[in-house]
Amino acid sequence: MNVLERLDAAIPFPEHERLLIESVRKLAAERIAPRAAAYDESAEFPWDNVRDINALGLNSMFVPEAYGGTGLSYSAYLACAREISKACAATGIVWATNFHSTGPLVDFGTHEQKSGWLPRIADGALVALALTEPSAGSDATGMKTTFRPNGDDIVIDGSKLFITNGDVCDILVLFGKWAPLGSGKEAISIAVVEKGTPGFNVVRTERKMGVRASSTAALAFDNCRIPRANLLGEPGAGLAMLFHFLNRSRPSVAAHALGIARAAFEDAVQYINEREQSGRRILENQGIQFRMADNATDLAMCERWLWHVARRLEEGENDIAQESSMLKMRASDLAMRLSMDAVQLYGGYGYTKDYRVERLMRDAKITQIWEGTNQIHRQLIGRSFLEKKRARG
C-alpha cells in the first residue's frame, strides 16, 4: 500500500459510507472508465453513465431523508465525486453539477418547494445552475437577466452562458435581478425554472477542448413565465445565498480536479515502471524519481486539505471562504501540472489519443477556470490579509 492508498484508508468514514464509496469505485472502474474515451470522441452526453449512477441511487445523497434522500456526509459526496471524475471527468462534472444545483434548494427552499423538487432529484432528475452570462463571468454581480413580478407570476428575460447540464436538465436554478429592486447586486435573486417552460430556450451547446461529453449550453429566456412560488427566499437575497453555497461547491470542484490528478499520477507511475530506455526502467532515473516524489507529496498534501475543509463544513463552520479558495486553486493547478507531467513522461505516446493522459490534460484545464478562475481565487486569498488602515488623528 503506497502513501496515497494509506491516506484514503485513514479517512474515518462510517461503514455504510465506506461500502457506498467502494461501490462507486467499482462502478467507476468497471463501467464508467471504459466508456470515457468513446464519449470524449463523440462528445455525446453520457446517458449510460447517468443511468448507472442513478441505479446506485447516488443523487439521494444530496437530499435530506425527510424528502426521500439518504443524507450522507459531505465527505462521502466528495469521495464519490473524486472516484467518478477519476474514471471520466465529463461524467464527474455532470454529477457534481447536480450537487451544486441542489444545494440552494436544500438550504433555502420552503417545505412546499422541497417537497416538490427534492424527491425528483433523489430519484435521478438532472439539475443545472445558471449564473454566468456573456457580460458576467467571474464577477457575477454584472448579470442582466431580469425577474419581473406580474401578479402571481414572474416574467423572466435574459440569457445565460456556459451552463453545465443546461440543455438536459429537468430543473434549472436560475439567477437574475428582481426588477423592482433595480440593477445592482442588491437585486440578485434565485428562481426555479422547470423543463418545458414556454420561453425557456436552448440556444446552442458548446464545442469544448475537454470534458467534451459534459453538456455546456447557452440559454435564453424570452417572456418566460413561472409561478412566483418558484422564487427561492426573498427578492434580493440571491447574493447572500450565492456566497453561502460557494463554500461547498468549491471543494467539490477540488474533488473533481483531484480525481483527474490522481488518474494522471497513477497512469504515469504505471507507464514509467514498465517503459524501458537504455536498458533501464524510466523510474530508475533519479531525476524522474525526484519529480514523482514532488508530485506525490503535493497530491497527498492537497487531498489532506480536502478532508480538512470538508470536516470544517460538516461541523457547521461557515467562515471558510479562504480555505475553500485555497483548496480549489491548488487542486486545479495540481491537476493541470500532473496531467502535463504524465503527457511528458509518456513522450510521443502521450500526445496521441491511444492513452488517456492526452484526454486528462484537456479535461484538467477547465478546473482552473470554472467556479471562479484561479486568478480570482488568488486575489480573494491575498486580499484577505489586507489590514484596515488606522484613522489618522
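**Figure 1. Aromatic cluster of F62, Y74, Y77, W95 and F99.** In this predicted model, F62, Y74, Y77, W95 and F99 form one aromatic cluster. Rings of Phe, Tyr and Trp (for Trp, its six-membered ring) pair if their centres lie within 6.5 Å; planes under 30 degrees apart count as stacked, over 60 as edge-to-face and the rest as tilted. The whole structure holds 15 aromatic pairs by this search. One of them is the tilted pair of F62 and W95, with 5.2 Å centre to centre and 40 degrees between the planes. F62 lies in the loop between α3 (47-55) and α4, and W95 in helix α5, so the pair ties together parts that are 33 residues apart in sequence. Helices (H or I, at least four residues) and strands (E, at least two) are DSSP runs, numbered from the N terminus. Residues are numbered from 1 along each chain as its sequence is written, and side-chain values use heavy atoms, with hydrogens and water left out. Because the model is predicted, local features need pLDDT of at least 70 and side-chain atom pairs count only at pLDDT 80 or more, while totals for chains, interfaces and linings use all residues.

**Figure 2. The ring pair of Y77 and W95.** F62 and W95 are both buried, where buried means under 20% relative accessible area, exposed over 50% and partly exposed in between (1.4 Å probe, protein chains only). Y77 and W95 form a tilted aromatic pair, 5.2 Å centre to centre and with 40 degrees between the planes. This pair links distant parts of the chain, with Y77 in helix α4 and W95 in helix α5, 18 residues apart. Y77 has a relative accessible area of 2% and is therefore buried. W95 counts as buried because its relative accessibility is 3%.

**Figure 3. R248 over the ring of Y74.** The charged end of R248 sits over the ring of Y74, at 5.0 Å from its centre. For such a contact, NZ of Lys or CZ of Arg must be within 6 Å of the ring centre and within 35 degrees of the ring normal.

**Figure 4. The second largest pocket.** Its volume is about 350 Å³. The second largest pocket has 19 lining residues, and M61, F62, F99, V106 and R248 lie nearest its centre. Two or more lining residues come from each of α4, α5 and α7. Helix α5 gives the largest share of the lining, six residues. By type, the lining divides into ten nonpolar, six polar and three charged residues. Ala, Val, Leu, Ile, Met, Phe, Trp, Tyr, Cys and Pro count as nonpolar, Asp, Glu, Lys and Arg as charged, and the others, Gly among them, as polar. On a 1 Å grid over the protein atoms alone, a pocket is an open set of points where a 1.4 Å probe fits, with protein on both sides within 12 Å along at least five of seven lines; lining residues have an atom within 4 Å of a point. Grid points are joined across faces, edges and corners, and a volume is the space filled by probe spheres set on the points.

**Figure 5. A96 in helix α5.** A96 is found in helix α5 and is buried, with a relative accessible area of 3%. Not counting residues up to four places away in sequence, A96 touches Y77 and S252, a contact being heavy atoms within 4.5 Å. A96 and A81 are 15 residues apart in sequence, and their C-alpha atoms are 6.6 Å apart in space.

Figure 6. Seven of the nine residues of helix α10 (residues 357-365) are buried, leaving the helix mostly covered. These buried residues are V357, E358, R359, L360, R362, D363 and A364. They pack against α2 (15-42), α4 (74-87), α5 (89-108), α7 (238-274) and α9 (321-346). G350 lies in the loop between α9 and α10 and is buried, at 1% relative accessible area. Leaving aside neighbours within four places in sequence, G350 is in contact with V343, V357 and E358.

Figure 7. A43, a residue other than glycine, has a positive phi near 60 degrees. A43 lies in the loop between α2 and α3 and is partly exposed, with a relative accessible area of 35%. S278 is not a glycine either, and its phi is positive at about 55 degrees. S278 sits in the loop between β9 (276-277) and β10 (280-281) and counts as exposed at 83% relative accessibility.
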